[in-house]
Amino acid sequence: MTNIILLGPPGAGKGTQARHLVETRGMTQLSTGDMLRDAQSSGTEMGKKVAAIMAEGKLVTDQIVIGLIREKLLVGSEGGFIFDGFPRTLPQADALQKLLLEMELKLDAVVEMQVDDEALVARVTGRSTCGGCGEVYHDVTKPWPADGACSNCGSTEVKRRADDNEESLKTRLMEYYKKTSPLIGYYYAKGTLQRIDGLASIDDVQKSIAWILGK
Ligand code: ADP
Ligand code: ADP
Ligand code: ZN
């Protein structure tokens, strides 16, 4: 069983790679962004509370996301967990370490997906996802099939995120540099950090991650 963190700024390709690992290795994707969006669409109190913060591109409180992760870890996973978009702050990283210890799990690798800031605007503003299955598409690099039906599930529902605009991305990047990028040093010092070129093609990024995971 392997547990990894995918670390990188908004648009680095974390979700895309996490989905591939779920399909090919039976791992469990834990995306706090997806969990928070689910909470919003199901209209829970917590969802309502975080909607404005997310639209603006600010981070929601540590307490909320740690609670979400805790619930999912308790369920367990045979193939191991992929932490996608969590942790995003040092207190979240400390909380994760405690939770893993409690559950007798270990962290095998922290994969830092390195990308240029300039590439992120195009990545994020071109992003869409399938309403049926969550497959991630891009207007230029991974367009929807010509018939408009998702290649994975056949749905024609195209979803775009409210926060995938240039204005919100600026705030999200600032949050990343101020609060999340210190985690790179944190995991380097712990000896678990692995860096990969996130600007390579989706296939090549997949290969780099497979290499880190050992075959
Ligand atoms: P991206 O795919 O662009 O990296 P996510 O889907 O991971 O974005 O997150 C979307 C938003 O959800 C963030 O801008 C933030 O408001 C909130 N969020 C997600 N994960 C966390 C987290 N671990 N801590 C705080 N806020 C989070
Ligand atoms: P994150 O979860 O880190 O925010 P996503 O996986 O949602 O990032 O990817 C952001 C956008 O960039 C999506 O539209 C996706 O299709 C596209 N994308 C992801 N990886 C690559 C890549 N290696 N090359 C080109 N485009 C990519
Ligand atoms: Zn689909």
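The model is a predicted one, in which local features need pLDDT of at least 70, side-chain atom pairs count only at pLDDT 80 or more, and totals for chains, interfaces and linings use all residues. Residues are numbered from 1 along each chain as its sequence is written, chains are lettered from A and ligands numbered from 1 in the order in which they are written, and side-chain values use heavy atoms, with hydrogens and water left out.

## The two ligand sites

Let us begin with ligand 1. A residue counts as near a ligand if one of its heavy atoms lies within 4 Å of it. There are 18 residues around ligand 1, and Thr32, Arg37, Lys58, Gln92 and Arg172 come nearest. Helix α2 (residues 32-41) supplies the largest share of this shell, with four residues. Helices here are DSSP runs of H or I with at least four residues, strands are runs of E with at least two, and both are numbered from the N terminus. By class, the shell around ligand 1 holds seven nonpolar, four polar and seven charged residues. In this scheme Ala, Val, Leu, Ile, Met, Phe, Trp, Tyr, Cys and Pro are nonpolar, Asp, Glu, Lys and Arg are charged, and the others, Gly among them, are polar.

Around ligand 2 there are 19 residues, of which Lys14, Gly15, Thr16, Arg127 and Tyr137 come nearest. This shell divides into eight nonpolar, eight polar and three charged residues.

The table lists polar contacts of both ligands. A polar contact is a pair of N or O atoms within 3.5 Å; within protein, one must be able to donate a hydrogen and the other to accept it, and residues adjacent in sequence count only if both atoms are side-chain atoms.

| Ligand atom | Protein atom | Distance |
|---|---|---|
| Ligand 1, oxygen | Lys58, backbone N or O | 2.6 Å |
| Ligand 1, nitrogen | Val60, backbone N or O | 3.1 Å |
| Ligand 1, oxygen | Arg127, side-chain N or O | 3.3 Å |
| Ligand 2, oxygen | Ala12, polar backbone atom | 3.2 Å |
| Ligand 2, oxygen | Thr16, side-chain N or O | 2.6 Å |
| Ligand 2, nitrogen | Ala200, backbone N or O | 2.8 Å |

For ligand 2, the protein covers 93% of the 560 Å² of accessible area that the ligand has on its own. The elements giving two or more residues to the ligand 2 shell are α1 (14-25), β6 (136-138) and α9 (202-213). For ligand 1, the protein covers 97% of the 560 Å² that this ligand has on its own. Accessible areas come from the Shrake-Rupley method with a 1.4 Å probe, and for residues only the protein chains shown count as cover.

## Helices α5 and α8

Helix α5 (residues 90-102) packs against helix α8 (residues 182-190) at an angle of about 35°, and their axes are 9 Å apart. The axes are lines fitted to C-alpha atoms, for helices over the stretch in contact, and angles run from 0 to 180 degrees between N-to-C directions. On the α5 side the contact (heavy atoms within 4.5 Å) is made by Leu90, Ala93, Asp94, Leu96 and Gln97, and on the α8 side by Pro182, Leu183, Tyr186, Tyr187 and Lys190. These residues sort into seven nonpolar, one polar and two charged.

## Loops on either side of α5

The peptide bond from Phe86 to Pro87 is cis, with omega near -5°. Pro87 sits in the loop between β3 (81-84) and α5. Glu104 belongs to the loop between α5 and β4 (109-114). Although Glu104 is not a glycine, its phi is positive, at about 55°. Glu104 is exposed, with a relative accessible area of 72%; exposed means over 50%, buried under 20% and partly exposed in between, with a 1.4 Å probe and protein chains only.

Ser168 is part of helix α7 (residues 166-180) and is buried, at 3% relative accessible area. A polar atom of its side chain lies 3.1 Å from the backbone oxygen of Asp163. Setting aside residues up to four places away in sequence, Ser168 touches Ala55, Glu56, Gly57 and Asp163.

Ala39, in helix α2, is buried with a relative accessible area of 9%. Beyond residues up to four places away in sequence, Ala39 touches Thr44, Met46 and Gly47.

Ile212 lies in helix α9 and is buried, with a relative accessible area of 19%. Leaving aside neighbours within four places in sequence, Ile212 contacts Ala109, Val111, Gln194 and Ile196.
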